[in-house]
Amino acid sequence: MSRNFKSVAVGETLRNAIVKINESTLGMVVQVDHQGRFMRTVTDGDIRRALVDGLSLESDIGGLREVTSVTLDADATPRAILKLMDERRIDQIPLLDAEGRVVEVVHRRDVHAPILLSTPHIGDDELFYVREAFETNWIAPLGPNVDAFEQELAQIVQSPAACALSSGTAALHVGLRLLGVGAGDTVFVSDFTFIASVNPILYLGATPVLVDSDYESWNMSPLALERAFEAARRSGRLPKAVLAVNLYGQSADYDPLLEICDTYGVPLIEDAAESLGAMYKGRPSGTLGRLGCYSFNGNKIITTSGGGMLVGHDAEMIARARYLSSQARQPFSYYEHTEIGYNYRMSNILAGIGRGQLKVLNQRIDRRRQINELYRAGFSDLDSVQFMPEPEWSFSNRWLSSIVLGDDKSSIDIHAIIRRINENLVEVRHLWKPMHMQPLFQDADRFDTGNHSVSADLFRRGVCLPSGSNMTDDQVAHVIATVRKCLVQSGL
Ligand SMILES: *Cc1c(COP(=O)(O)O)cnc(C)c1O
């Protein structure tokens, strides 16, 4: 590495130090001993204080007050460097080799700002709707923004009806309840998903049966679903519902999944929390089953900070969702209740954010897809990197660009690789850890396509890359360079 700093040795004058500070872009020099080992940093402030103390410009640099300068080892990671700079409120840190010699002085401006996985990306109109809610005093879990948000979303996904709720999890909970799921029932659910898909099954006292993914879509395998149904038929205990998840913005393969569900007369509910705006054979994601759920959590493709939506073909069912999610209050002048309800409606303020976000949904999808293309180009020469496939029947919103490393036979320390990339201030994450690997579900029944768990293999090798629609091309390039460097360091 070329030396980016200047040093002064004991025996040189303060004048020499000032001259070198003046020549350096760092505004400082490092003072070294006769063996060239680091002693301290010297700034012009240090020299000013020395002059005030009575030294002269011709005094020996060795006469400066003793201080202990902050240093780090030469192999310190960007994360460690930035952390120490923030803690000590300093802008530069010398990195020392094993002999105590300065290898480099890192300046804050040389440390790339952290790049996060997926951050909110607000458009131009959200504040207008929020302000309108304030000005009209509609600070309530209902109101004109909620109604309009429901209608506008329903129109975008071509669904007859939608019910805005406080989260995607709440939407799944109410949706399963509408399908009649209750205590003692089973629900077939994607094994490869986020816990929020499965928790609502537990809320209802039902039991999840985990269905594995296929490599073509990374989502529920029709073959594994068929096997689960065959076993259920043999035991005389069909599930109450099938809950299929669309991970990272991509639909599952619904034609075969729905055919199987229809054969057995079991309704399908779609967890489209991650796939708003995606398409399956030209049909909007979330509208393929009896019911569909979206999430507007902070990291999703559009956000209301927190929120969800339930859509369905049967407007009466959605009307019942509104009733259940507002404490199941009967239409009387007094408070009358005949069954369990929830307080799950979306606030009129947050629905205002959602209305603004819907206007930029297509832009957000375009950008996430562009970022995915940049990644594909940036890693195209590496055989060890494979992207989540996009089958020809799928139009993914590319919520998170996701890759797997190596092949199903390679031994890969994915934890070490992810840690290494994160130490470089590029936030990457594991793929979802399959439900059958969660202690919570260690006893759950599960079905795969043979004797191989696709979800476990994807988790073992998978990485989600930063994918926020507000990332610049430069940031994407920095992610590519950082990930490539870390893969080389990891022997890939
Ligand atoms: C985010 C998410 C949910 C839950 O949505 P919330 O709005 O956070 O409750 C459900 N399922 C999947 C697959 C998700 O990614």
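**Notes on salt bridges, a surface patch and a helix crossing**

1. Glu-58 has a relative accessible area of 49%, so this residue counts as partly exposed. One thing to keep in mind while reading on: this is a predicted model.

2. Glu-58 has a charged partner in Arg-15, and the closest N and O atoms of this salt bridge are 2.7 Å apart. Arg-15 sits in helix α1, while Glu-58 sits in the loop between α2 (44–52) and β4 (72–73), so the bridge ties together parts that are 43 residues apart in sequence. Arg-15 is partly exposed too, because its relative accessibility comes to 41%.

3. Staying with helix α1 (residues 14–23), have a look at Ile-18, which is found there. Together with Leu-51 and Leu-57, Ile-18 makes a nonpolar surface patch of about 200 Å². With 33% relative accessibility, Ile-18 counts as partly exposed.

4. Now for another pair: Glu-390 and Arg-369 form a salt bridge, again worth a click, with 2.7 Å between the closest N and O atoms. Arg-369 belongs to helix α12 (residues 361–378) and Glu-390 to the loop between β16 (385–387) and β17 (394–395), so parts 21 residues apart in sequence are tied together by this pair. Which partner is buried? That's Arg-369, at a relative accessible area of 19%, where under 20% means buried. Glu-390 counts as partly exposed, with 25% relative accessibility.

5. Arg-484 and Asp-381 make a salt bridge as well, the closest N and O atoms being 2.8 Å apart. This one links distant parts of the chain: Arg-484 is in helix α15 and Asp-381 is in the loop between α12 and β16, 103 residues apart. Arg-484 is partly exposed, at 26% relative accessibility.

6. How many salt bridges does the structure hold? The count is 28. Besides the pairs above, there's a network of salt bridges that links Arg-40, Asp-46 and Arg-49.

7. Last, the helix that carries Arg-484, namely α15. The axes of helix α15 (residues 473–489) and helix α13 (residues 414–423) come within 9 Å and cross at roughly 135 degrees. That angle makes α13 oblique to α15; it would have to be over 145 degrees to count as roughly antiparallel. As for handedness, the crossing of α13 and α15 is right-handed.

Notes. Residues numbered from 1 in each chain as written. Predicted model: local features only at pLDDT ≥ 70, side-chain atom pairs only at ≥ 80, totals over all residues. Heavy atoms only, no water. Patch = residues over 30% accessible without salt bridge, like charges linked within 9 Å, V, L, I, M, F, W, Y side chains within 5 Å. Areas by Shrake-Rupley, 256 points an atom, 1.4 Å probe, with all protein chains shown as cover. Salt bridge = Lys/Arg side-chain N within 4 Å of Asp/Glu carboxyl O. Helix = DSSP H or I, 4+ residues; strand = E, 2+ residues; numbered from the N terminus. Buried < 20%, exposed > 50% of the residue type's maximum accessible area, 1.4 Å probe, protein only. Axes fitted to C-alpha atoms, helices over the stretch in contact; angles between N-to-C directions. Parallel < 35°, antiparallel > 145°, perpendicular 65-115°, else oblique. Left-handed = near helix turned anticlockwise from the far one by under 90°.
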